[in-house]
Amino acid sequence: MGRSKGFFSQFFILPIISLLIQYNILATVAKNGSYAPVHVGVILDLETMAGKRSQTSILMGFEDFYAEHANFSTRVVLRFRDSMQDALGATSAAIDMLADDGLKVIIGPQTSEGTQNVASMCNWAHVPVLTFSSYHPTLSSLSPYFLSATLDDSLSALPITSFIQLHGWHNIVLVYEDSDYGIRILPSFSNALQQVNVAISEYVIIPNTATDEFIEMELNKLQTKSTRVFIVHMMPLLASRFFVEVSKFGMMDEGYVWIVTSSISSMVETLNHDVLDAMQGLIGVRPFVPGSFTKSKFISRFKTKFRQDHPQNEISTPTLHELLAYDTAWSVAMAVEKVELARRLAVRQLQLSTYEIINVIGKGVRVVGFWTPESEIGGTLNSSGKGGLKSMKTIVWPGDTAVASRGFTTRLSEKTLRIAIPQYANKKLVGVTNEMNPTGYCIDIFDAVMKKWSPTLAYDYIPVPNYSTYDDLIDMVAAGKDFDAAVGDVTILANRSQIMDFSFSFVEPGISISALNKGSGYGYGYGYGYGYGRVAAIFDEIPYIKLFLSDHCADHYAMVGRTYESNGFGFVFPKGSPLVSDINSAILSLKDTGEMDTIRDKWFQNLSASCQLQNFSSDYLRLSFENFAGLFTITGVITGLMLVISLAIFIFNEWDKLKAIASSESTTSKRLLAWLKFYDQKDYNSPAFKKYNEPLQGGEGVREENVDAASMNTELELVRSVSSRHSPQDVQSGSLQGEISVHVETILPMPSETTIQ
């Protein structure tokens, strides 16, 4: 069978050759046409179906290789050892093989823990180890003698995540093997699930040496949880025991979802009937190997040879592991041949980006869909775009049902959801007149949401009387012990969302003002959270405003002004509750269909158009002189009072001069005019003018810096006044110097000797 048409690339031939050359263990070409034997050890679980099938594949690989390369001068001599399905058995087999100085390579073992032990010993003995069933990047980096010829199971995270997202599940439980092999996939799944807002609600660790009692204890814990979607990542041997216990616990019944990674799904056909019976309805993803003539020929020959080697065992189509085992044999045979030939080989990495989705049904599996990075999940590989659920084949879920699980269940001890409601809320929002049948806008919305989402899901309303604030009610729900949710007029706030989850808002969000129309007086706010007195305006969330207006629109109240941002009311759930996403979808559906508007009109039916801003008095909203009348009155009174006081002080201080002016004038009008002129004169003794006469420190001179623009302007005015009464010749001759000086000295009296310091 020509390798140019093989189904896998030889992706680890050169690393093997490098090891063989580096440590001088490359087989020497014998002379005279004889073959040089190269001893290769193989450690398998030979009592298991997987071990037997791998043994057949390895033997076929070497037979086909030497049939095609009969001229090669080396021949591999195989030494099989049974690890007896135990890590210690694998270690014992490796010790026995390493005692042979002629051993060049070890293939296997099949378990994760056994591979680690054997790799450690071979690293010490400088013997390469190849595994085709367990991927160990940590060992590959620590030991130069360890090579993995299989795919990384963490690559299963993307197709599994797409499958979960497609079904609308939002919480999963991750069950994994307690080993380097099991722990390694955690980052991949955590990152992939986080990208699509799927939470890992539980991590369950199963040791390789776990007893049936330990597994039962862990399953008992999982039964008490609400999540019903499980991802399992472990080696096939441990997985077989695990799923037998799962079936015994009744956890392979309707409502459960079990998804396994490629390490298990690639080996499903090798499991015995008891294990397959326990896995009915299981979903798995595994790399898809495209069909080819070479693959078809291999499958046909494999079935024939396996039937010859193990006539007592049933035979099925070879899995990915048998293909990898076959390819491993070819790579080892090629690597121990001539260095010159090996160096000419092209090294290509194994690339299998397509995954098939399988469903365990009856005694085998059925491929129900495919996943590719480009189109994600589809029913066929030829479909363009994202096929989605409709394009996939029908899945038979646990419990032999075609109905997919909703991914969660209520607590089994209570059978119904317990919904907390505030006992003392406004009756139109949450009315608790009858504890069994509360009423109100919030209640009707939640009932409609539940009917839209899950009509058969039972729930009871539980009135909560012992709370002082809504934060106390929220804390009760956040604890997740007594209630599954809370329904009421609970405002969505950032600090609250840190300890619990809110649904989308089911009311019109925002804060606004309800005010009395002009001339209507004041109305009552009692019963709406606004105290016992009368109010002229209310500033609150829109639902409360509309609730108030539905009763008091006739009292000339209306909603006015702009709307301020707020988050509205939401249903309350414990943090990570699986209910939230489905509740949100139902809320959006109610809004789209108009059902939410119908419920709103039912409870706010008296809120007519007259209560809206467009019919409210426009004068009430427009600022006019009347809005500032009080301010103007106060300002006018104070200003007039100051004027009267100022005039009284002036008359008191200038009484003698005023009397003299009055006696010098003959008529009353002339007296008034003279008084006004006198009042209008500048008082150079006032504080406004005193700063120009302040003496310098020590009493000498005048502060030059205090002669500012105001005084200079005054002087110029006086000069212009004098100049206007004389001719230009008088000004030029200097005859006006004395008059100007007199006026300047009047403004700035100066001593006879002025010293500027």
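Modeller: His126 lies in the loop between α4 and β4 (129–131), where helices (H or I, at least four residues) and strands (E, at least two) are DSSP runs numbered from the N terminus. This is a predicted model, in which local features need pLDDT of at least 70 and side-chain atom pairs count only at pLDDT 80 or more, while totals for chains, interfaces and linings use all residues. Residues are numbered from 1 along each chain as its sequence is written, and side-chain values use heavy atoms, with hydrogens and water left out.

His126 has a positive phi of about 60 degrees, although it is not a glycine. Most residues other than glycine have a negative phi, and most peptide bonds are trans. His126 counts as partly exposed because its relative accessibility is 39%; buried means under 20% relative accessible area, exposed over 50%, and partly exposed in between, with a 1.4 Å probe and protein chains only. Asn197 also has a positive phi of about 60 degrees without being a glycine, and its place is in the loop between α8 (186–195) and β7 (199–206). With 65% relative accessibility, Asn197 counts as exposed. A further backbone feature is found at Pro109, in the loop between β3 (103–107) and α4 (112–125), where the peptide bond from Gly108 to Pro109 is cis, with omega near -5 degrees.

From the loops, we can turn to the helices. Helix α13 (residues 293–309) has 17 residues and should span 24 Å at 1.5 Å a residue, which agrees with the 24 Å between its end C-alpha atoms; the expected span is 1.5 Å times one less than the number of residues. Its buried residues are Thr294, Lys295, Phe298, Ile299, Phe302, Lys305 and Phe306. They cover an arc of only 145 degrees around the axis, which puts them on the same side of α13, the arc being that of the directions from the helix axis to the C-beta atoms. An α-helix has 3.6 residues a turn, so residues three or four places apart point the same way. On the other side of α13, Phe293 and Gln308 are exposed. The cover over the buried residues of α13 includes α2 (49–68) and α14 (320–335), and Ser57, which is found in helix α2, gives a view of this region. Ser57 is buried, at 0% relative accessibility, and its contacts (heavy atoms within 4.5 Å) include Phe298, Phe302, Glu322, Ala325 and Tyr326, not counting residues up to four places away in sequence.

Helix α17 (residues 441–453) is enclosed in another way: ten of its 13 residues are buried, so it is largely enclosed by the rest of the structure. Among the buried residues of α17 are Tyr441, Phe446, Met450 and Trp453, and their cover includes β14 (417–422), β15 (459–464), α21 (579–593) and α22 (595–603).

Leu658 is buried, with a relative accessible area of 8%, and Phe678 counts as buried at 16% relative accessibility. The two are 20 residues apart in sequence and 8.3 Å apart in space, C-alpha to C-alpha. Leaving out residues up to four places away in sequence, Leu658 touches Phe650, Ile651, Trp675 and Phe678, while Phe678 touches Phe650, Glu654, Lys657, Leu658 and Ile661.

For the surface, Met642 is found in helix α24 (residues 629–653) and counts as partly exposed at 47% relative accessibility.

For the chain as a whole, the secondary structure comes to 30 helices and 23 strands, and buried residues make up 47% of the 757 residues.
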